[in-house]
Amino acid sequence: MSTRIALLRSVNVLGKNMIKMPELSMAFEKAGFRNVRTYIQSGNVIFESGEASCELLAGKITELITRKFGLTIHAVVITPEELANIVALNPFVKKPGIDLSKQHVTFLDGDIDQEKAEMLLAYSYPPDEIIIGTRVVYVHCPDGYGRTKFHNNFIEKKLSVNATSRNWNTCLKLLEMCV
């Protein structure tokens with residue numbers, strides 16, 4: 001069994017896609033996942049599985065949520081090692097004057113097409129800034145995530161992938177919970 005992290009897209013946001021975390025945990029356990037833990041109400045689930053493929057797990061979780069809750073919720077599944085790498089490689093951490101409380105990471109469910117990435121980087125919406133990593137987009141939005149144009153829908157549309165974002169503190173807490 002290996003530990004995995006499921007990041008669910010748009011759960012319990014603005015009164016939509018409401019799923020109570022205890023019910024979600026039970027659904028994961030009934031589906032055969034072990035040591036299931038959730039973090040806050042926005043669809044962060046740490047669990048253990050014998051399945052090695054994060055992509056197959058994401059599909060299984062999406063199907064599980066559709067069956068159990070009647071919602072179409074996309075999941076991005078990563079390993080703790082991937083999250084540790086994403087955290088370690090965050091280019092904004094090393095930039096002077098960056099307020100990490102305004103830092104978000106947009107997790108992608110697929111690889112980034114280089115041509116589409118270059119097109120995304122051509123957009124400029126100061127003071128917001130993005131930097132593309134491996135299957136993530138680091139988003140720094142000094143005026144708050146609610147005001148950025150570099151939100152999930154925008155990134156999904158430009159990169160043709162499903163995405164879900166987490167603030168920097170949530171990324172750090174999820175990593176801590178995996179230890």
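**Residue classes.** I count Ala, Val, Leu, Ile, Met, Phe, Trp, Tyr, Cys and Pro as nonpolar, Asp, Glu, Lys and Arg as charged, and the others, Gly among them, as polar. With that, the lining of the second largest pocket comes to 7 nonpolar, 3 polar and 2 charged residues.

**Ground rules.** This is a predicted model, where local features need pLDDT of at least 70, side-chain atom pairs count only at pLDDT 80 or more, and totals for chains, interfaces and linings use all residues. Residues are numbered from 1 along each chain as its sequence is written, and side-chain values use heavy atoms, with hydrogens and water left out.

**The pocket.** I looked up a pocket in this sense: on a 1 Å grid over the protein atoms alone, an open set of points where a 1.4 Å probe fits, with protein on both sides within 12 Å along at least five of seven lines; lining residues have an atom within 4 Å of a point. The second largest pocket holds about 200 Å³ of space, the volume being the space filled by probe spheres set on the points, which are joined across faces, edges and corners. Its lining includes Ile78, Glu82, Asn85, Phe107, Arg135 and Tyr138.

Which elements supply at least two residues each of this lining? I found helix H3 (80–88), strand E5 (103–108) and strand E7 (136–140); H3 gives the largest share, 3 residues. Helices (H or I, at least four residues) and strands (E, at least two) are DSSP runs, numbered from the N terminus.

**Sheet with E6, E7, E5 and E8.** Here 4 strands form an open sheet in the order E6-E7-E5-E8, with antiparallel pairing; two strands pair if DSSP finds at least two bridges between them. Strand E6 (129–132) and strand E8 (163–167) are the edge strands, each pairing on one side only. On average, neighbouring strands are turned by 20 degrees against each other, direction ignored. E6 and E7 pair over 4 bridges, and I noted glutamate 129 with its bridge partner histidine 140 in E7. H4 packs on this sheet, touching E6 and E7, and its direction makes about 165 degrees with that of E6. Contact means heavy atoms within 4.5 Å; axes are lines fitted to C-alpha atoms, for helices over the stretch in contact, and angles run from 0 to 180 degrees between N-to-C directions.

**H4 against H5.** The axes of helix H4 (residues 114–121) and helix H5 (residues 152–159) come within 9 Å and cross at roughly 135 degrees. H4 and H5 are therefore oblique to each other, as angles under 35 degrees count as roughly parallel, over 145 as roughly antiparallel, 65 to 115 as roughly perpendicular and the rest as oblique. I see Lys116, Ala117 and Leu120 in H4 meeting Phe154, Lys158 and Leu159 in H5. By class, that contact has 4 nonpolar, no polar and 2 charged residues.

**Sheet with E2, E3, E1 and E4.** This open sheet of 4 strands has the order E2-E3-E1-E4 and antiparallel pairing. Its edge strands are strand E2 (34–39) and strand E4 (75–78). Strand E1 (residues 2–8) pairs with E4 over 4 bridges, with leucine 8 opposite alanine 75. Helix H2 (residues 54–69) lies across E1, strand E3 (44–49) and E4, at about 145 degrees to E4.

**Tyrosine 39.** My last stop was tyrosine 39, found in strand E2. Not counting residues up to four places away in sequence, tyrosine 39 touches Asn44, Thr170, Lys173, Leu174 and Met177.
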